[in-house]
Amino acid sequence: ALPDIASTFASTTKYSWVATAYLLTSAMIMPVAGRWTDLAGAKKPLLTAFGVFTLGSLLCGLAPSMDMLILARAFQGVGGGAMLAVGTAAIGLMFEGPKRTKMFALLAAFSGIAAALGPLIGGLLTEYVSWRWIFFINFPLGIGAFIGLSRNLQEEVVPKDERMDWGGAILC
């Protein structure tokens with residue numbers, strides 16, 4: 001989709017930042033999201049991550065310029081990185097023994113399916129609809145996941161007498 005995006009905005013000098021902004025922010029948020037999950041349990045961080053990613057997807061699809069798309073992708077990356085970290089941690093927190101192994105196997109299987117089908121679906125959307133739909137498609141899926149998680153994810157959070165090390169997180 002990047003060549004179509006660059007063509008839409010007549011910008012060939014910044015288009016690599018569309019991917020880079022996402023990767024940078026997702027990598028930066030992972031340790032923070034993981035620690036938040038350690039302190040607060042998985043439900044709030046996971047719902048927040050889905051909300052940020054979904055809103056970021058909508059903002060990407062609506063972006064009126066390359067600069068706004070890059071900012072929206074950075075925002076989306078915060079949600080995406082947090083989803084990855086918190087989703088993985090949630091499995092570790094919520095399941096034990098053989099059940100945990102099965103859940104990690106399911107996560108790996110779905111990740112593999114997404115890696116195989118994502119570029120195909122993205123290419124089809126870009127070719128036959130618009131590059132904007134590679135982002136818009138995440139909106140209804142994200143809303144559905146948010147609703148499903150908020151209704152069905154049950155956990156018992158044990159309050160901890162620890163706090164987030166914001167200084168360390170910022171320096172990280």
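Q: Which helix do the buried residues of α1 pack against?

A: First, the ground rules. This is a predicted model, in which local features need pLDDT of at least 70, side-chain atom pairs count only at pLDDT 80 or more, and totals for chains, interfaces and linings use all residues. Residues are numbered from 1 along each chain as its sequence is written, and side-chain values use heavy atoms, with hydrogens and water left out. Contact means heavy atoms within 4.5 Å. Helices are DSSP runs (H or I, at least four residues), as are strands (E, at least two), numbered from the N terminus. Here, the buried residues of α1 pack against α4 (66-94).

Q: Which residues of α1 are buried?

A: Buried means under 20% relative accessible area, exposed over 50%, and partly exposed in between (1.4 Å probe, protein chains only). In α1 (residues 2-9), Ile5, Ala6 and Phe9 are buried.

Q: What follows α1?

A: Ala10 does, with a positive phi near 50°.

Q: How many helices and strands does the chain have?

A: Eight helices and zero strands. The radius of gyration (over C-alpha atoms) is 17 Å, close to the 16 Å that the globule rule (2.2 Å times the number of residues to the power 0.38) gives for 172 residues, so the chain is as compact as a globular protein of that length. Of the 172 residues, 33% count as buried.

Q: Which residues form the nonpolar patch on the surface?

A: Patches are made of residues with over 30% relative accessible area and no salt bridge; like charges are joined within 9 Å, nonpolar side chains (Val, Leu, Ile, Met, Phe, Trp, Tyr) within 5 Å. A salt bridge is a side-chain nitrogen of Lys or Arg within 4 Å of a carboxyl oxygen of Asp or Glu. Accessible areas come from the Shrake-Rupley method with a 1.4 Å probe; for residues, only the protein chains shown count as cover. The patch here includes Leu106, Phe110, Val129 and Trp133, and its residues together have about 1,200 Å² of accessible area. Helix α5 (residues 97-128) gives the largest share, eight residues.

Q: Where does Val129 lie?

A: In the loop between α5 and α6 (133-136). Val129 counts as exposed because its relative accessibility is 52%.
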